[in-house]
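Here is a short report on one protein model and its ligand. Look over the sequence and the structure first, then read on.

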Amino acid sequence: MRRKDPKTQLSSSRALLEIRDLNLDFGTPRGRVHALRNVSLDVPAGQVVGIVGESGSGKSTLAYTVMGLLPENADVTSGSILFEYKDLLKMPTQARRGLLGDHLSMIFQDPMTALNPVRTIESQMIDVQHHEQGSWGEKRARAIDMLQRVGIPDPQSRIGAYPHHFSGGMRQRVCIAMALLVKPTLLVADEPTTALDATLEVQIIHLLKDLQKEIGCSVLFVSHHLGAVAELCDRVAVMYAGEVVEQGAVRDIFHNPAHPYTRALLECDPGRIKKSTRTLPTIPGEVPSLLGTKVGCIFRTRCRQAFDRCGQENPVEYRIGVDQVARCHLLDKELLVSV
Ligand code: ATP
Ligand code: SF4
């Protein structure tokens with residue numbers, strides 16, 4: 001069987017996934033929507049990296065770009081996505097498709113995106129193992145074992161059921177089982193718990209964490225939910241209007257946020273609000289239109305600390321600590337080193 005443990009294949013100084021200066025537009029009748037702007041991000045081997053930000057900030061677009069599952073009107077205008085040192089954007093379509101499954105696997109927000117409604121779970125879980133060696137019986141046994149691990153009761157008989165026989169939470173467990181059955185090198189999870197209630201969300205996050213540790217895969221975890229990111233992730237990238245405005249180790253970003261947007265996002269997190277309230281706070285203002293060229297900082301229309309320079313120049317990335325960078329002119333001080 002092919003060796004897939006990234007830790008044995010990659011040098012420790014390079015990340016498993018290296019996204020560099022990625023720019024992506026969507027063509028629309030109203031013009032080009034600049035959905036990703038100069039996005040640079042690493043996912044180190046064996047680590048979980050969270051992507052957070054308000055709706056429309058480009059989180060899903062980034063996840064789908066990594067998976068090569070973009071709609072036809074998407075146009076990657078520049079940048080690279082190095083996965084195991086190879087640029088996915090330059091790879092022939094066939095070779096890229098060949099990575100899906102045991103190298104790159106995805107969990108979608110809606111489990112029905114991944115499941116075929118007219119086929120049994122059994123046939124879908126066996127198909128997903130097409131890269132693996134072993135007889136039909138061995139693959140079936142592995143599938144049952146994985147269903148057991150994700151908490152599907154009576155997997156011996158439930159494996160013969162169709163997706164609509166399962167509840168939403170159970171369907172998402174089946175999808176997690178399918179995505180992890182082939183022990184992918186990188187798992188991309190796009191809001192996998194958003195459609196679930198709070199109790200189920202906690203269960204699924206713990207499950208993902210246990211399985212990730214066991215398999216040793218890396219995870220790119222897209223979420224609105226800061227609590228889930230704090231629980232699951234080692235690193236986090238904060239996106240706003242198509243840009244990564246701050247990134248670093250979860251503990252640094254959550255305890256010492258440097259970008260005004262990260263601070264605003266954390267202030268609105270229901271998990272951090274101490275006083276009882278009937279209305280949850282939101283960041284005043286709206287995410288700006290992504291049509292056309294922008295001059296200056298993209299967050300300035302909502303930033304309480306904006307000053308003249310913010311309207312004239314887009315901030316570069318400043319290093320704040322060993323493992324934290326942010327894009328804000330306020331960080332441009334002599335003691336801070338521009339990266
Ligand atoms: P959410 O949390 O709501 O899923 P998101 O952060 O994942 O939001 P995206 O869905 O990636 O954001 O969208 C980023 C921007 O790209 C938005 O302005 C969105 O309207 C736009 N967009 C996404 N898909 C398309 C498309 N197929 N055609 C045109 N614009 C698109
Ligand atoms: Fe706010 Fe200016 Fe910093 Fe942008 S660069 S986040 S507008 S202070």
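## Helix 8

Which residues are buried in helix 8? They are Glu201, Ile204, Ile205, Leu207, Leu208, Leu211, Gln212 and Ile215. Buried means under 20% relative accessible area, exposed over 50%, and partly exposed in between (1.4 Å probe, protein chains only). An α-helix has 3.6 residues a turn, so residues three or four places apart point the same way. The face turned away from the buried side of helix 8 carries exposed residues: Ala198, Thr199, Asp210, Lys213 and Glu214.

Helix 8 takes in residues 198–215, 18 residues in total. At 1.5 Å a residue it should span 26 Å, and its end C-alpha atoms are 26 Å apart, which agrees. The expected span is 1.5 Å times one less than the number of residues. Gly216 follows helix 8, and its phi is positive, near 80°.

## How the model was read

This is a predicted model: local features need pLDDT of at least 70, side-chain atom pairs count only at pLDDT 80 or more, and totals for chains, interfaces and linings use all residues. Residues are numbered from 1 along each chain as its sequence is written, chains are lettered from A and ligands numbered from 1 in the order in which they are written, and side-chain values use heavy atoms, with hydrogens and water left out.

## Around ligand 1

Ligand 1 is surrounded by 16 residues (a heavy atom within 4 Å). The closest are Ser55, Gly56, Lys59, Ser60 and Thr61. By kind, the shell divides into 4 nonpolar, 9 polar and 3 charged residues. Its largest share, 3 residues, comes from helix 2.

Polar contacts are pairs of N or O atoms within 3.5 Å. An oxygen atom of ligand 1 is 2.8 Å from an N or O atom in the Lys59 side chain. Backbone atoms take part too. A polar one of Ser60 is 2.8 Å from a ligand 1 oxygen, and a polar one of Gly58 is 3.0 Å from a ligand 1 oxygen. The protein covers 67% of the 630 Å² of accessible area that ligand 1 has on its own (Shrake-Rupley method, 1.4 Å probe).

## The loop at Ser57

Ser57 sits in the loop between strand 3 (48–52) and helix 2. Helices (H or I, at least four residues) and strands (E, at least two) are DSSP runs, numbered from the N terminus. Ser57 is buried, with a relative accessible area of 1%. A polar atom of its side chain lies 2.7 Å from the backbone oxygen of Glu54.

Conventions
Polar contact = N/O pair within 3.5 Å; in protein donor to acceptor, adjacent residues only side chain to side chain. Nonpolar A, V, L, I, M, F, W, Y, C, P; charged D, E, K, R; others polar.
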